[in-house]
Structures are given as C-alpha cells and as structure tokens.
Amino acid sequence: MTMDADDESLLEALLAGEHRALARIISKIENRSPGYRDLVSALYAHTGDADVIGITGSPGAGKSTLVDKLAEAYRDRGETVGIIAIDPSSPFSGGAVLGDRIRMASAVGDMDVFVRSMSARGTLGGLSTATADAVKAMDAFGKDKIIIETVGAGQNEIDIVRTADTVAVLVPPGSGDDIQTLKAGILEIADVFVVNKADRDGAARTVQELREMVHLGEESGLAGGSGGHHGADVMSGGDAAVDETDDEDEGWSPPIVETVATKGTGVETFIDELAAHRAYLVDSGTLAEKVRQRHAEEIRTLLREDVHSLLEDELADSGGIDGLAEAVRLGETDPYSIASDVLAPVEACIENLETETRADGSSRE
Amino acid sequence: MSSEQEAESIRCLVAKVGLDGHDRGAHVIARAFRDAGFEVIYSGLHKAPEEIVQAAVQEDVDVLGISILSGAHDTLLPKIMDGLEEYGAKEDTLVLAGGVIPEEDREGLKEDGVAAIFGPGTSIEETIEFVRENAPQR
C-alpha cells in the first residue's frame, strides 16, 4: 500500500506526538476519506501497547463522569489517556449533539488527556464503525490507556466487546428486578460490574442481584454471567479451545464495584479491578486469543465493506435501487428475484476465475 | 477501491467562554445545527480560552462558534485565536462569534481572524447557510 505525501507527513507528525495530526487522522478515519485505509494500515506497525477499556451502560448511568474520574486517576499515576466518547446521531438529519465532553472537566488544560467525541453515524451496537480504527490511531500515538465510552446502551449494544480488552458495565441502582439479570445481552459482556450512584437507595440490592447472577453463571458453568470468555463466544463462536482449558480455577469472575463517580468514591478500587482483569488476560493467554479474534473480525469487516461497495456498483449498473424497488412495488417482480439477478454476473465472474486458476494449476502440473 | 464511501459531516464546536451564564442562545444554535445535519460538540458553560482551544484541536472541528454576552470579547476572542494558531489550527477553522458585540469592535475581531459575527436578530437559517458555504474544505 502506498500513501500520498500529505498522509505520509501526517503520519510522521502523529508518531512525533503532534495532537493536531492525531485529531486530523481520526477525522480522516471517520470520514472514510480517500486513502484512510493506507493510513490505518501504516498505523498498525505502531500499535499494541495500549490497554483498551470499554465503558458501557444505560443513558444517564454516569459513564462520562466515571470516565473523567478514571482519566484523572490514570494521569495522577503518570499515564497518558485517550478517550473516545460516542453519542447517538439523529436518524433524521444525521446530525448529533455530542455532550460527553462537558462532563470531562478533569481533562481540561491537560493535552495528555485526548478526548475525542464521535457520533455513531447511524450504526447501532453502541460504537461507530470508525471507533476501532480511531483506537489504533491513539495507540500508535502512544497513549497508555484508551477508554471508549459507548452510546448510552440498551440491552443489546454489545459491540464494545469486539474493540475493548476489558469491558465495564455500569448498572445504576434500581435497574429492574432479578429477572433482568437473567436476560441475555449487555450483562453478559461485563468483565467488571460497576454499580454507580452507589449512595442512592437500592444500591445494595442491585449489588446483591448482580452477585447472585455471577454466582449462578459460575455454578452452571455456562457462559451467561461469567463474562470472562465472552470474547470467543460473541465474536466467532469458533474454536474456543484455549478458553476451555481455563474454566474452573483460572476463570475470571466479574467483580462488582460500587462507585459514586461525582465524588470519586470507589474509583481506586475500580482501577485495581481493571488492572486485575488485565493481568488475568495476560496470564491466562486469553489476551492473545482476544487479539487474534479481533483481527479476524477486522478482516471480515473490511472484506464485507469491499464486497458491499462492489455490490453497490452492480446495483447502479442494474438501474439503481430506486428503480428496482419501484418495480417491486408495482408487482412486476420481487426482492428475491432481483437479488439473484444482480448477483448473477458477480457469481459468474468468480466461477470463471476459479475455473481459470484450476486450469492454470493443472497445466503447471 | 471503486467507491470508498465517504461520510463527511460538518463538525462544530459551540462554545461559551468566560464568566457568562447565558446559554440559551448556544443551546438553540446547537439544536439547530444538529437538525441541519452537523455534528455539534457543546463545550458547556464558563470555559477558559485554553479549554476551548484544546477542545477545538482534539475534536478537529471545521467550525468554532463562540457565544459571548459578557462584553469581554475583546479580551477572550484574541486569546482563542492565538491558541488556535499555536496548534496550527487557525487557518482552516471557521471561527464565528455570536452574542452582544458592538459594531465598533467587529472590525478588530475580524482582523484577528473571526470570520463572521452574528448579532441578536440573526436568523438561524442565515447562520446555517453561512456555515454550509464557508466550512473549510480539507
């Protein structure tokens, strides 16, 4: 892959620690600007040193405030911090108001806390498609800790698992009864539970319910609740051989931390638990497995994007999606027939290629 | 690649600077920009010039809209412009000012690099139109 001169100097500036270059590269990633792929591809060689922490939870759970306190504590320890805070975008105008930054007052005046607000740009799942690449940029820049704050999540916004090494799920007091803890989804992905606003009524009960849920998960030996190996389960379902060796004694059982983010209470304990999980990942070999699966997912996503744009071209050649949709509306045809018609030339093309290579192979033998 | 999907969106920082607690105008602008399809980062109240510069640089905004009703524009706005220059961000950031800024002060602010000043009574449409036409092409 080759980069143009501008991107080349931008990359150099980022590696030299220029904040504006980092900011600009993240914009290029977000905008899918021409050449952004070459840039990210060049960033890869400089990544792998940062701890990536994901913070998720319902809207108003206190994610931004907790992230702010977390960043402050890491800075006190002399570590540099990158924060990516994602807020939803409007399904109507595509616009967004990104308000997480307001809560991040501790970061003010300290350029070594790099806060970047992102709009979800229409994607569901709690992250934007550009998030993983923006993490790479911050990693290459040399940030020690990268904190991703997701969109205020509902029950199923679990994309964060694919991007972060350690996921903390914030559960505010009074988030429903114990049946909620039986449900699949967001509670399954936690490596650490945080009961924030722990000074409110019902906090003890919420802690109790989470504790029971974690124990239940351990007793049954099934994935639900003991989120330690969710990486394998969620991402590919494929070979979990490495995971199976570490269940009983070495497995990770998500701790439950109580915090009051506005006052900073419990933040130190939270940091210790994050560090403990990190140590577990490294010692158990789960981290290598996670990273491998993350890269597999990245490859899949990129290929999907490429194929997707090929198909868009193919669609345009067949008269555009609007015309085809109108034909369905008029009862002339149906979506299934159109799909196979549009795909037919692509399939034929691939088949030709395959027979050619097979022919080449046999002629060489 | 035949068609890498570009998804560019105009990014704006709507900022309140200094000791000035009047944020209704900033909220109205933030909402209107959102509805126009822009990505809006709102700074919150009582920000120091260096905080606004930090946010503008890190967020890599195309547009910085500063709302100021305290009368301290001649002190605060030049500080912001100098800060942007320090990070090499002054040239390609469209800086707008809104609020109560007397006519006689406007020329000086424009010389400092403020692209436009929108006083009371400016229509939202006019502001959005201006941003659309003048947002820097990067």
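Mentor: Residues 24 or more positions apart account for 73% of the contacts in chain B with a separation of 6 or more, where two residues are in contact if their C-beta atoms, placed from the backbone, lie within 7 Å. This is a predicted model, in which local features need pLDDT of at least 70 and side-chain atom pairs count only at pLDDT 80 or more, while totals for chains, interfaces and linings use all residues. Residues are numbered from 1 along each chain as its sequence is written, and chains are lettered from A and ligands numbered from 1 in the order in which they are written.

Trainee: What is the figure for chain A, among contacts between residues at least 6 apart in sequence?

Mentor: In chain A, 75% of those contacts join residues at least 24 apart.

Trainee: What secondary structure does chain B have?

Mentor: Chain B has five helices and five strands, where helices (H or I, at least four residues) and strands (E, at least two) are DSSP runs numbered from the N terminus. Along the sequence of chain B they follow the pattern β-α-β-α-β-α-β-α-β-α. For chain A, the secondary structure comes to 13 helices and eight strands.

Trainee: How do you know whether the radius of gyration of chain B agrees with that of a compact globule?

Mentor: The radius is taken over C-alpha atoms, and the globule rule is 2.2 Å times the number of residues to the power 0.38. For 138 residues a compact globule would have a radius near 14 Å, and chain B has 15 Å, which agrees. The C-alpha trace of chain B spans about 50 × 30 × 25 Å along its principal axes.

Trainee: What makes helix 5 of chain A largely enclosed by the rest of the structure?

Mentor: A residue is buried if 20 or more other C-beta atoms lie within 10 Å of its own, exposed if 12 or fewer, and partly exposed in between, with C-beta atoms placed from the backbone. In helix 5 (residues 131-141) of chain A, eleven of the eleven residues are buried, so this helix is largely enclosed. Among them are A:T131, A:D133, A:K136 and A:F141. Just after helix 5 of chain A, A:G142 takes a positive phi of about 110 degrees. Over whole chains, 42% of the 365 residues of chain A count as buried, and 46% of the 138 residues of chain B do.

Trainee: Why is A:K197 called buried, and why is B:H46 called partly exposed?

Mentor: A:K197 has 24 other C-beta atoms within 10 Å, and is therefore buried, whereas B:H46 has 13 and is therefore partly exposed. A:K197 lies in the loop between strand 7 and helix 7 (203-220) of chain A, and B:H46 in the loop between strand 2 and helix 2 of chain B. A:K197 has a positive phi of about 60 degrees although it is not a glycine, and the phi of B:H46, also a residue other than glycine, is positive and near 60 degrees. Most residues other than glycine have a negative phi.

Trainee: Which parts of chain B touch chain A?

Mentor: In this interface, 32 residues of chain B are in contact with 33 residues of chain A. Helix 1 (24-35), strand 2 (39-42) and helix 2 (49-59) of chain B each supply at least two residues of the touching side, and helix 2 of chain B gives the most, with seven residues.

Trainee: How do you know that strand 3 of chain A and strand 2 of chain B pair?

Mentor: Two strands pair if DSSP finds at least two bridges between them. Three bridges join strand 3 (residues 96-98) of chain A to strand 2 of chain B, and these strands run parallel. A:L98 stands opposite B:I41 in strand 2 of chain B.

Trainee: Why are helix 2 of chain A and helix 2 of chain B called oblique to each other?

Mentor: Axes are lines fitted to C-alpha atoms, for helices over the stretch in contact, and angles run from 0 to 180 degrees between N-to-C directions. Angles under 35 degrees count as roughly parallel, over 145 as roughly antiparallel, 65 to 115 as roughly perpendicular and the rest as oblique. The axes of helix 2 (residues 19-31) of chain A and helix 2 of chain B come within 7 Å and cross at roughly 45 degrees, and the two helices are therefore oblique. A:H19, A:R20 and A:A23 meet B:V57, B:Q58 and B:E59 there.
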